[in-house]
Amino acid sequence: MTPLNLSEWALRHRAMVAYLIVVLMVGGVLSYFKLGRAEDPDFTFKAMVVRTLWPGATAREVEQQVTERIEKKLQDTPWVDVIRSNSKAGESLVFIILKDYTPKKGVPEAWYEVRKKIGDIKHTFPAGVQGPFINDEFGDTFINIFALTGDGLMAPAGFFETASDRVRLRVSGQFSSLDSIRGIGLQSGGRLFRLGDIATVSRGFVDPPAPRMRVQGQDAIGIAIAMNRGGDVIALGDKLRGEVARLQRDLPQGIDIHVVADQPEIVRQSITLFMSSLAEAIVIVLTVSFLSLGLRTGAVVALSIPLVLAMTFLLMAAFGMDLQRISLGALIIALGLLVDDAIIAVEMMVVKMEQGWDRFRAATFAYTSTAFPMLTGTLITAAGFTPVGFARSGAGEYTFSIFAVVTIALLVSWVVAVVFTPYLGYRILDHKKLLAKAQQHGEDLYAMPFYRRVRASVEWCVRRRWPVISATLLAFVLSLVALNVGVQKQFFPASSRPELLVDLWLPQGASLKATEAQTGKLEQMLLTEPEMAKSVKNFAAYAGNGSARFYLPLDQQLFNDNFAQFVITTHDLQAREDLKQRLELRFAAEDGEWSLLHARVLRLENGPPVGYPVQFRVSGEDLTELQRAAEEVAATMRANPHVKGVNFDWSEMGKTVALDIDQDRARALGVSTQELSTSLNLLLSGMSITQLREGDQLIDVVVRAAGDERQRISALADINIRTSSGRTVPLAQVAKIRYELEAGLISRRNRLPTITVRADIRDNTQAPVVSAQIDPQLDQVREHLPPGFRIELGGATEEAAKGEDSIKAVMPLMLVGVITLLMIQLQSVGRTVLVLLTAPLGLIGVAIALLVFQMPFGFVANLGVIALSGMIMRNSVILVDQIEQDEKAGKPTWEAIVGSTVRRFRPIMLTAAASILAMIPLTRSVFWGPMAVAIMGGLIVATLLTLLFLPALYAAWYRVRPVNIPAATPQSASSG
């Protein structure tokens, strides 16, 4: 039975092929416009927050009575990795973080278990505990954040039960206005008063204040909007923009709507940048094709590009994939690879036509000679991306679409090369001109001067095989040294978005009013100082809490009275960097204006959130020893010249006033401890006694002492306490007042108190490099730690290790897949080993390129290097297969090696040039730049080594002798 020749089938069914081209092109264009748009790929946040309130309790009481119970119960939750907690006065926050390799489907099951376990222990909490409140939507990203700025309790009265009806009794009197509250009647001493006669009734914000939002220096109400999965963020943004414009027209004068976060506009700019980068890459690839192949031959390759892209978009739509940061970059990476098969196929067609073959026979020959080596090479290239596709980690999930999009594009490109390219070549190539061209250089195309020089170079390497092999190995070893010593390491680069985050941390125990005061200072600085104001487009401030998650990798901060966060949108990247520098200089100024707080100015991150790039965790039971060890770690970190802003996530003491109750006197006066606490809470903080009903809103009515009584600690002793007889006595008669310090916050990790010592980077040195410098210096501190204490490395280094470990775990799978493909194609252990030995040679070029362009080696660049090995092996397997075919045709092994290399020179160089030059647009990207540079440098060197080193290695492996030199025991290449 004759095997199916897809190229021959295409030429015998030309009408059908033409129809398919039109249908696929139209389908691809329609699919492109229907693909979802987003800034980042879908990413499963494997973190949940459990918040519990216990008013009046100390941080230590919260830790022991609330946090400990929750942590102990949740420690056996499926997939749990880390349980982190913050216990402070009156509040417990427990973060449940699942293992990085938790499957996507396992996350909801884990959250269900958490809810069930919390329900099981809810009855064990002390009286007065509120909650726990569970937030398993911690990772929801809001595409738009808007801000609005601008200058009665019911009790049942019973019912009548008649023979036929139940008639309810309603009593009027609920509060509907401030006047209705002022008019409340009070009776005292036989006289009737109204509440307004003895108390001020006013309307305002919660006081003590709750976390609040401000925009451009004005109080604001935030409205955050999230998009359903798979939606088009640009389309949704357009609809929201129109709706906001309509609402603004209908709002009262003086109330304005501000756009605080606008992801649709960011995505629109990303898509526009992608289209320009894609167009630039297409022009580059077409220029390579036309200049090297000629007008008609280049046209065949040029027409295959939109066809492959259309089919890729069609399949992306079918698999529910979006256009986002990762998939857009993957499309540009794929563009340099997807023309490889088409170039090989059309180049083979041209060669055969020049040798006198007719169009039909020449068009179908490529399928019989190179289709399956091309398929094997294509699959090997795709296999190079499998560590990305199957890496079970947050970073792997974030970058999954590199594998998906590149694999789809590569497989589609092979189909186009064997089905549509022969059809296009049959239609476009000029048979007569190719024959005339062949007659100009004789029957042997490769007898031209250029190819004679190529042959001489290859023969020189084959004859001097051992020096060539030795030099290559030396270069490889040096490249490994350079990558480990000279090239900086990185997790993910900073984002290219124009926002800046400014975090303000006041001392532990600082009031929200103090935080608001510092917030106001920074607001005035941004609004009034011309050098800063010119860089600012708009800004929002959050006091007592962090921003809502407007950006997927945001390291979100929750519920801290001593914390404020600014999200500053600048006009462009230059303005962002200028403002960042000015803010950092002001915060570090020697005048001490900002010395009472810790200020941090940072760009947005890419990839899974890390927080501070350099982190060391100190864990141990004894809090005193823990703080001492943390101070030693901090001193070591401060000695490093590359770090700045060394600080602790906690360890400060908070101010408290202790009341020692004279129980005998208190009982004699009829004052209980509970009543005393309630009275003080009512007077100082206030207590909600009823509610004002206003439309669909319920507004608390709070009773408390006048402002001066509540704000002066010195007046505490004179506060009057009501006794059981109705008289009042000063607080000093029943209690002794002491001033002391207590732990304001206790942070734990896996039930062990843990202080994290954190720092930012002062210069352009990468965080993993700095962490690697500091970690060995802490060994001396580790030696003197008490039993049970430990110091662990965190930050960017820890997160990068998780990502790299997840890739290493899949590497054996990739290796088995590649070896299997090579064995299927080559049917030889020896030739398979030869191809595998070429895979790591790209590291030589990678090291050179990264050193020359001063690029760091991070997670994304690592993916590029792994994929690069697949590209290299693709060229190697095609060359080795050609050598084997020549040997089977009866040629001496020497001639098979040299001749095959000469004949494969042009297609290998053309495909490499297309892949290398197509990366140029990505080199300007902050995110993709290191990967593009690594692939370009690696592919340049690896391509040359494929054409020079591989023939020498092949000849050495099989001990091949030149045909004109007799050998005592001649041996030719065996089949393995």
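Predicted model: local features only at pLDDT ≥ 70, side-chain atom pairs only at ≥ 80, totals over all residues.
Trainee: How is the pair of rings of Phe 450 and Tyr 451 classed, by the angle of their planes?

Mentor: A search of the whole structure finds 13 aromatic pairs. In the pair formed by Phe 450 and Tyr 451, the ring centres lie 5.4 Å apart and the planes stand at 80°. Since planes over 60 degrees apart count as edge-to-face, the class of this pair is edge-to-face.

Trainee: Which ring has Lys 352 over its face, and which has Arg 361?

Mentor: Lys 352 lies over a ring face at 4.8 Å from the ring centre of Trp 357. Arg 361 also lies over a ring face, at 3.7 Å from the ring centre, and the ring is again that of Trp 357.

Trainee: Is strand β14 largely enclosed or largely open, and how many of its residues are buried?

Mentor: Strand β14 covers residues 536-543, and it is largely enclosed by the rest of the structure.

Trainee: Which strands pair with β14?

Mentor: One partner is strand β10, residues 212-215, which pairs with β14 in the antiparallel sense over 4 bridges, and here Met 213 has Tyr 542 as its bridge partner. On the other pairing, 7 bridges join β14 to the antiparallel strand of residues 563-570, where Ala 543 has Ala 564 as its bridge partner.

Trainee: Which residue caps the N-terminal end of helix α10?

Mentor: Helix α10, residues 325-338, has 14 residues and reaches 20 Å from its first C-alpha to its last, close to the 20 Å expected. Because 14 of its 14 residues are buried, the helix is largely enclosed by the rest of the structure. At its N-terminal end, a side-chain oxygen lies 2.8 Å from the backbone nitrogen of Ile 326, and the capping residue that supplies this oxygen is Gln 324.

Trainee: About how many helical turns separate Asp 238 and Arg 241?

Mentor: The structure holds 49 salt bridges, and one of them joins Asp 238 to Arg 241, with the closest N and O atoms 3.0 Å apart. Asp 238 is partly exposed at a relative accessible area of 36%, and Arg 241 is partly exposed at 38%. Because the two residues are 3 residues apart in helix α7, residues 233-250, their separation is about one helical turn.

Trainee: How many residues apart in sequence are the parts that Arg 831 and Glu 887 tie together?

Mentor: The side chains of Arg 831 and Glu 887 meet in a salt bridge at 2.9 Å, N to O, and both residues are buried. Arg 831 belongs to helix α29, residues 829-838, whereas Glu 887 belongs to helix α31, residues 859-888, so the pair ties together parts whose separation in sequence is 56 residues.

How values were computed:
Residues numbered from 1 in each chain as written. Heavy atoms only, no water. Phe/Tyr/Trp six-rings, centres within 6.5 Å; stacked < 30°, edge-to-face > 60°. Lys NZ or Arg CZ within 6 Å of the ring centre and 35° of its normal. Buried < 20%, exposed > 50% of the residue type's maximum accessible area, 1.4 Å probe, protein only. Pairing = 2+ DSSP bridges. Expected span 1.5 Å × (residues − 1). Polar contact = N/O pair within 3.5 Å; in protein donor to acceptor, adjacent residues only side chain to side chain. Salt bridge = Lys/Arg side-chain N within 4 Å of Asp/Glu carboxyl O.
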